[in-house]
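Hello,

Here is the structure I said I would pass on to you. Please have a look at it first, and then read my notes below.

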Amino acid sequence: MWLTVEARFRVWINKCWTGGGMQIPPTMGWRQTFWTILGAFIGLLVLSSINEMFLDLTRSEYFLVIGPFGALMTLQYGLTSAPASQPRNVVLGQVVAGAVSLCFTYIPEAILPVWVRQALGPAFAIGAMVKLGIPHPPAGAHSVIWAAGEHDWSFYSIVVLCSIVSVVPATLVNNMSDKRQYPIYWGYLPKLLHRNLFGPEVKTKASQSLLVDDRSTGSVPQVEDSARTSPKPEETIEEQPHNP
């Protein structure tokens, strides 16, 4: 039975006012905070050097739109296990969102004003990302910049290139900590590259902590006791006396 309009309104107000009722997540320890600072510094230093390179090569015509990459550093070094932080989302999110948003710049301003385009283009870009399962907040931020129409596909290509490059220091720095694992999945590499280089017995503390023993959902294969998994003895069939 459908709820009445008044009941739906009350539910909506209650959800907005009280929230989900969950606890505030714990703060990060000092050691992990140090790794976050170090990683963000190295990551932005690499991107800033690439920006300087493009400025020199193109005589300041092309450069890296580096602002949204601050959000990327927060994801890669502050939320290493979040789906939006993984390389698949980092790269493909920028590819999809930027392409969608830039396509809206071909609509004449007489039909679609810039202030409307900066809302409509990113909305479709974000929708495309979530539909494809590759949501990435920095890509949504870049899509707003692209929708303004002040940057062309060359700027977009530089951003995609730097997004790919950013995965390298994030992988190297994060995995120096025994409590971090980055990435938790690649998502677009062949299964052959997913094999452990040193055998299945080599595991980090971070990778072990990602395995949550959820027996109710069966997400982790369970190893039962030998007494429970021992095969049942075969039933013997008694031979019936043969009547001549």
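Let me start with R180, which sits in the loop between α7 (153–174) and α8 (205–209). Helices here are DSSP runs of H or I with at least four residues, strands are runs of E with at least two, and both are numbered from the N terminus.

Before going further, a word on the source: this is a predicted model, in which local features need pLDDT of at least 70 and side-chain atom pairs count only at pLDDT 80 or more, while totals for chains, interfaces and linings use all residues. Residues are numbered from 1 along each chain as its sequence is written, and side-chain values use heavy atoms, with hydrogens and water left out.

R180 is buried but has no salt bridge, and D178, the nearest side chain of opposite charge, is 8.6 Å away. Buried means under 20% relative accessible area, exposed over 50%, and partly exposed in between, with a 1.4 Å probe and protein chains only. A salt bridge is a side-chain nitrogen of Lys or Arg within 4 Å of a carboxyl oxygen of Asp or Glu. For charge, Lys and Arg count as positive and Asp and Glu as negative, with His and the chain ends not counted. The side chain of R180 does make a polar contact with that of Q32, at 2.6 Å.

Q32 also falls in the UniProt record: the unreviewed entry lists residues 32–50, 62–79, 91–107, 114–134 and 154–173 as "transmembrane region". Such annotations may be inferred rather than shown by experiment. Residues 154–173 are 100% helix and 0% strand in the model, with end C-alpha atoms 29 Å apart. For residues 114–134, the figures are 90% helix, 0% strand and 26 Å between the end C-alpha atoms.

Taken as a whole, the chain has nine helices and zero strands. Of its 244 residues, 30% count as buried.

Now to helix α1 (residues 5–18), where I13 lies. I13 is partly exposed, at a relative accessible area of 37%. The structure holds one salt bridge. R10 and E6 meet in a salt bridge through their side chains (2.7 Å, N to O). Both of these residues lie in α1, four residues apart, about one turn of the helix. R10 is exposed, with a relative accessible area of 56%.

Enjoy exploring it!

Best wishes

Conventions: A polar contact is a pair of N or O atoms within 3.5 Å; within protein, one must be able to donate a hydrogen and the other to accept it, and residues adjacent in sequence count only if both atoms are side-chain atoms.
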